[in-house]
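Trainee: I have a model open on my screen and would like to learn how to read it. Could you walk me through it?

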Amino acid sequence: MKRIILLFIIFLVLVFMIPTVFSQKIVESSAKAEIKEAEALESEDNQQKSDEDSGTDEINKENYDYKEYTTIKLLHKNDNSVQELPLDEYLLGVVSSEMPATFEQEALNAQAIVARTYTIYMIKNGRKHEEADICDSSSCCQAWINKEDRLAKWEENVREENWNKIEKAVYSTKGKIITYNGEVIDAFFHSNSGGMTETPAGVWGGTNYPYLQSVATAGEDAYDQYSSEVVLTKEEFKNKILESHADFSIDFSKDNCIQIAEYTDSNRVKTVKVGNLNLSGVEMRTLLGLRSTNFTFTMEGDNIKFEVIGYGHGVGMSQTGADSMAKQGSNCEEIIKHFYTGVEVVNM
Ligand SMILES: [Zn+2]
């Protein structure tokens, strides 16, 4: 009888224990499966990384060691102070300053890669500032704002969401830069190309870069930055040019007193004959405060009206163009490869 009871107890124990052991095994194996999956994802990433690495040459690896650039020396233009801060923290301030946080995530990601590329290029090749790698002025290097000031400028209800997008842009693209033939590119960018980007020679003269070609982008006309106008009286116009050219004279009674003499390949104004002077489109833009060199003008009574297309020099990535492409489903890498011809996005 005792044996029967003992056997029954053993039976009961087995009946209750086996499923527990099994279910534990199932839990264990599913946990292992998850870990394996995670490892697979990680190794896929590593594979992508090594694929990209193998696409770049040895010179690139030697020259662009990301670990070398964990911090950056940033010059604050307002008080000439130099702040040393981690590169990614610096990039948060650049992306949040240079591009509206309302833009698509992939456009922000592209901006983060472009800003990182520009920064590394400045560290390697920049000669603008003696005691710093880069400054916080958009007209000199690239704009930057500290987190506290940035958050204060946003409405409270969007602060967290906006900042999360900025962080995602910088951290999801961590270490990624743009290269051409294995060398970091000079990643120019601007606000709105007006539908067609410009070559560097079209703006600054000199030689062109193979990766900065003129490219067309659809959808930029949907943005406020696309068109603008400036109306000046003839007197104001004359005075603005006189500020830089004391010998300037103009007879407004003559039909051809202002004439666009030459256009760039992307159809921006290259040179203007104005009175007794020949001025570049770039100088006209600066003197008159136009948003770009893609302008036309009309004389109306005592006024001259300038109608302007696009915003910025037009070279490299158009930010509104990037946002427009992202809205159409392009990812950050596709956006970058659209605006910079023949480039690679690589991990440093
Ligand atoms: Zn600067």
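**Reading strands, cores and helices**

Mentor: Let's begin with a strand pair: strand 11 and strand 12 (residues 303–309) run antiparallel and are joined by six bridges. Glutamate 300, for instance, has asparagine 303 in strand 12 as its bridge partner. Keep in mind that this is a predicted model.

Trainee: What holds strands of a sheet together in general?

Mentor: Strands of a sheet pair through backbone hydrogen bonds, in either a parallel or an antiparallel way. Here, three strands make an open sheet with the order 7-12-11, and the pairing is antiparallel. Strand 7 (227–233) and strand 11 (295–300) are the edge strands, each pairing on one side only. On average, neighbouring strands of this sheet are turned by 20° against each other, ignoring direction.

Trainee: Which helix lies across strand 7 and strand 12?

Mentor: That is helix 8 (residues 234–242), which runs at about 95° to strand 7.

Trainee: How does strand 1 pair with strand 2, parallel or antiparallel?

Mentor: Strand 1 (residues 71–76) and strand 2 (residues 81–86) run antiparallel, with six bridges between them. Threonine 71 finds its bridge partner in proline 86 of strand 2. The two strands form a hairpin with four residues between them, and asparagine 80 in the turn has a positive phi of about 60°. Strand 1 is also joined to strand 3 (residues 134–135) by two bridges, and those two strands run parallel.

Trainee: Now the interior. Where do nonpolar side chains tend to be in soluble globular proteins?

Mentor: They tend to be buried together. In this model, the largest nonpolar core has 51 residues, and those with the most contacts inside it are Val95, Ala110, Val114, Ile335 and Ile336. Helix 4 gives the largest share, ten residues. Leaving aside neighbours within four places in sequence, valine 114 is in contact with Ala187, Phe189, Met317 and Ile336. There is also a second, separate core of 15 residues, including Phe237 and Phe295.

Trainee: How are two packed helices described?

Mentor: By the angle between their axes and the distance between the axes. For helix 4 and helix 6, the axes come within 8 Å and cross at roughly 50°. That angle makes helix 4 oblique to helix 6.

Trainee: Is the crossing of helix 4 and helix 6 left-handed or right-handed?

Mentor: Helix 4 passes helix 6 in a right-handed crossing. Among the residues making the contact are Leu108 and Ala112 of helix 4, and Ile166 and Val170 of helix 6.

Terms used:
Residues numbered from 1 in each chain as written. Predicted model: local features only at pLDDT ≥ 70, side-chain atom pairs only at ≥ 80, totals over all residues. Pairing = 2+ DSSP bridges. Core = buried A, V, L, I, M, F, W, Y, C linked by C-beta atoms within 7 Å. Buried ≥ 20, exposed ≤ 12 C-beta atoms within 10 Å, placed from the backbone. Contact = placed C-beta atoms within 7 Å. Axes fitted to C-alpha atoms, helices over the stretch in contact; angles between N-to-C directions. Parallel < 35°, antiparallel > 145°, perpendicular 65-115°, else oblique. Left-handed = near helix turned anticlockwise from the far one by under 90°.
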